[in-house]
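User: I am new to this structure. Please take a close look at one part, the matter of disulfides, and then link it to the rest of the model.

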Amino acid sequence: MGLAVSTLRYSSCRPLQEALRTRLREVAAMHVRYGYRRLTVLLLREGWMVNAKRVYRLYDQENLKVRSVERKKISRRQRISHGPATGPNQCWSADFVSDKLTDGRSYRILTVIDQFTRECVAMEVDRSLQGKHVVAALTRAILERGQAPRSITLDNGSEFTGRVLEAWAMQHGVDLCFIRPGRPVENGFIESFNGRLRDECLNVEWFGSLHQAREKLAHWLEHYNFKRPHSALDDQTPATFASSYQSPAACSAPIERNTASCRPRQGFATPAKNAALDPVPRLPENAKYRGEALFEIAHSRGSLLSLWSQLHARQSSSGEP
């Protein structure tokens, strides 16, 4: 190859620069959040003949890199897991919706619903909503309904994790169930309601002022609770379902209601009485054909239904069970 032995076995003769390393560690210890560029400026001010590249090399060798740790949102209370609600006023859900007026100013909407009856028990509209506004809205809802809920499902927003709401919950004996950050599906009841609110009201109305927004949202809320059919309640309104509820034994939860009723659900056609159903492909009971079926499924790219039909036909023609 024509390569000299001295080049092949070359070892660096660069000085270790212990004095510079020691001073770099000292300066980094005094300014723990400074990166190598700011440390370079400080060393140049002291008279060291260095540049950013040399400082970065020593900075990396001394393991002085500043690590940026992402702040994690941790709720004040431990996340409590409750079962599904079996009656009204047991489990509520709360969240915020943001929108803008015609002049571009933003406002927020606090929505609170009952997970069992799907009623919207509280709706607060204002330019800014803090923990004290949440407490005031929940207190009014409890006075209107006559009792406090067993638990309220919330996200990890600052309005919900503050001391104001925590003190209120401890005073009223309410468990605050915080969902995991970034998992809105764990609060699906309020997310579904907010979707209906935005689709049926916020996206079709145009609010010129905060007063007008409050009036129209109050009108839509009355329509939602008393007139709008809810598919999860067998097309009843939330208020009708809540009034007809007698006891947990007499009326099951909305998500467990019988869907095979005589009256078709909203938006679905009546099913045929003698509808033909395709047989469900099952593995043969016979061990011989069962093993052959598993082998064909593992080594064939054809349709599983066609493979099952062929094996079933062979088994029927042979008369084996």
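Analyst: Cys-201 is buried, at a relative accessible area of 2%. Buried means under 20% of that area, exposed over 50%, and partly exposed in between, with a 1.4 Å probe and protein chains only. This is a predicted model, numbered from 1 along each chain as its sequence is written, and side-chain values use heavy atoms, without hydrogens or water. Local features need pLDDT of at least 70 and side-chain atom pairs 80 or more, while totals for chains, interfaces and linings use all residues.

Cys-91 is buried too, at 3%. Its sulfur finds the closest cysteine sulfur in Cys-177, 7.2 Å away, so the two are too far apart for a bond. A disulfide is a pair of cysteine sulfur atoms within 2.5 Å. The whole structure has 0 disulfides.

Now the helices. Helices (H or I, at least four residues) and strands (E, at least two) are DSSP runs, numbered from the N terminus. H2 (residues 18–30) packs on H3 (residues 36–45) at about 115°, their axes 11 Å apart. Axes are lines fitted to C-alpha atoms, for helices over the stretch in contact, and angles run from 0 to 180 degrees between N-to-C directions. On H2, the contact uses Leu-20, Arg-23, Leu-24, Val-27 and Ala-28; on H3, Leu-39, Leu-42 and Leu-43. Contact means heavy atoms within 4.5 Å. These residues count as 7 nonpolar, no polar and 1 charged. Here Ala, Val, Leu, Ile, Met, Phe, Trp, Tyr, Cys and Pro are nonpolar, Asp, Glu, Lys and Arg charged, and the others, Gly among them, polar.

Two loop residues come next. Val-66 sits between helix H4 (52–61) and strand E1 (91–100). Val-66 is partly exposed, at 26%. Beyond four places in sequence, Val-66 touches Val-32, Arg-33, Tyr-34 and Tyr-59. His-230 lies between helix H9 (210–226) and helix H10 (238–244). His-230 is buried, at 13%. Leaving out residues up to four places away, His-230 contacts Arg-118, Tyr-224, Asp-235 and Gln-236.

Last, confidence. pLDDT is the predictor's confidence in each residue, from 0 to 100. The chain averages 78, and 70% of the residues score at least 70. Where pLDDT is low, the predicted coordinates should not be read in detail.
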